[in-house]
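Please keep the sequence and structure in view while reading.

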Amino acid sequence: MVYGQVLHQPQDCFINVNVGGFKQRMDQTVLKRFPQTRLGRLLCCSSKEAILELCDDFSPSDMEYYFDRSPSFFCYVLNFYLTGKIHLVDGLCVVSFFQEIEYWGIKERHLDFCCSNKFHELMELADNQHWDQMSDEMQLHSLGSSVEELSVLEDDAEMFEGTWCANVRRSVWIHLENPGFSTPAKVMAVASLSVVIISIVAMCVHSMPDFHQVDLDEKEIENPVLTFFENLCVLFFSAEFILRLVVAPSAKKFLSSPLNIIDLLSILPFYVTLVCDMMNEDDSTDLENVGKVAQILRLMRVFRIFKLARHSAGLRSLGATLRHSSREVGLLVLFLSVGISMFSALIYFVEKETEESELQTMPIGWWWATISMTTVGYGDTFPVTLAGKLIGTLCIICGLLIVALPITNIFNKFSKFYQKQRHLDLKRNKTEPSSACGQQVD
């Protein structure tokens with residue numbers, strides 16, 4: 001049987017449609033007015049396979065097409081075929097309405113004027129809510145590591161079972177990891193934080209010329225007082241790191257933690273520099289660059305600043321925000337790059353003929369555009385012509401707008417990370433003492 005011939009039999013110009021049990025006999029001439037709709041496309045089908053691509057089932061004997069859709073909404077579809085216009089359905093979600101008209105092949109342009117504006121307003125509102133929901137889900141997903149932090153700590157405590165000195169190691173581990181566990185834990189946290197601050201201050205003071213000393217040969221040497229504090233801080237950091245490594249339930253998991261990697265990087269340069277200095281004492285020509293290597297390693301002491309993250313929920317939240325805001329940061333860099341490239345070219349062509357102006361090359365134009373768009377404005381280079389000043393004004397205004405665009409999303413992420421981190425800290429402080437009491441009773 002050729003279905004196209006059956007559909008176009010002259011003695012029968014009607015087709016039978018069954019939508020969710022609602023049966024309707026429809027005139028083919030009416031459907032042909034809208035050939036792009038689903039029912040209109042049925043008239044062009046010449047095989048059962050093509051028909052079943054458009055409907056859920058088909059009865060050749062009764063020439064009846066079955067659709068597993070909402071029969072109540074199909075009444076509006078019938079009205080569309082008769083009037084050429086479709087109206088919003090009261091009580092039906094606008095997203096469901098859009099899905100229904102999309103299924104039946106009805107375009108948005110067929111909405112009547114009384115419903116068109118309302119439809120677009122509701123769709124815009126639904127899109128905004130959808131993006132907000134997607135953003136929240138992405139942030140919740142990115143917060144997964146923070147959300148599971150409490151359970152991870154509980155799992156770590158359970159990992160001590162069956163190991164050597166389990167009770168002692170568990171107690172020391174909890175005191176080191178959770179400052180809110182007890183008064184001794186708070187004292188240890190304050191002591192660790194104080195040593196970090198002393199180390200940072202000593203590093204800053206070491207860079208000041210007033211504290212530099214020289215020997216009899218006018219050769220610069222280390223300040224003994226600063227060296228003492230430096231060695232004392234490193235010894236404290238080393239002892240703390242080794243102690244935490246010894247009592248950790250899993251050494252592999254401990255060494256893979258970002259905060260512990262920062263701790264290792266903050267003390268490792270000291271010992272490598274010490275070895276390099278010992279090797280540099282030999283005036284061997286093969287080791288003439290060891291001193292330069294030691295100076296580079298000394299710069300790595302700046303990693304001690306990041307040790308503050310262990311004692312600050314804000315710093316941990318900042319790190320998590322930057323880690324999960326790569327898309328926003330990428331957009332910010334892209335926008336700035338485009339703006340800098342455009343304004344640097346404009347300012348160069350405007351200022352290059354003026355001898356008083358310092359903006360004589362494109363690289364200098366890049367530097368000027370960078371400090372202008374980021375609203376830094378050192379004042380070392382500036383336009384002198386009227387056209388250059390107008391371009392500078394536009395550059396600053398565009399820089400303000402470009403920088404402000406992604407900052408809102410980054411700030412919202414930071415707020416949620418910070419609130420979640422504070423909640424986890426408070427919850428951990430409440431749960432760990434009770435769990436410790438339970439273990440003592442057992």
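The report takes the charged pair first, then the cysteines, then a helix.

This is a predicted model. The structure holds one salt bridge. Glutamate 100 pairs with arginine 69, and the closest N and O atoms are 3.3 Å apart. Glutamate 100 sits in helix α6 (residues 94-103), while arginine 69 is in the loop between β4 (64-67) and α5 (71-83), so the bridge ties together parts that are 31 residues apart in sequence. Glutamate 100 is buried. Arginine 69 is partly exposed.

Disulfides number zero in the structure. Cysteine 13 is partly exposed. Cysteine 93 also counts as partly exposed.

The table gives relative accessible area for these residues.

| Residue | Relative accessible area | Class |
|---|---|---|
| Glutamate 100 | 12% | buried |
| Arginine 69 | 25% | partly exposed |
| Cysteine 13 | 35% | partly exposed |
| Cysteine 93 | 43% | partly exposed |

Which parts do the buried residues of α11 pack against? They pack against α10 (166-177) and α12 (224-247). The buried residues of α11 include Ala185, Ala189, Ser192, Val195 and Val196. Ser199, Ile200, Ala202, Met203 and Val205 of α11 are buried too.

Notes. Residues numbered from 1 in each chain as written. Predicted model: local features only at pLDDT ≥ 70, side-chain atom pairs only at ≥ 80, totals over all residues. Heavy atoms only, no water. Salt bridge = Lys/Arg side-chain N within 4 Å of Asp/Glu carboxyl O. Helix = DSSP H or I, 4+ residues; strand = E, 2+ residues; numbered from the N terminus. Buried < 20%, exposed > 50% of the residue type's maximum accessible area, 1.4 Å probe, protein only. Disulfide = S-S within 2.5 Å. Contact = heavy atoms within 4.5 Å.
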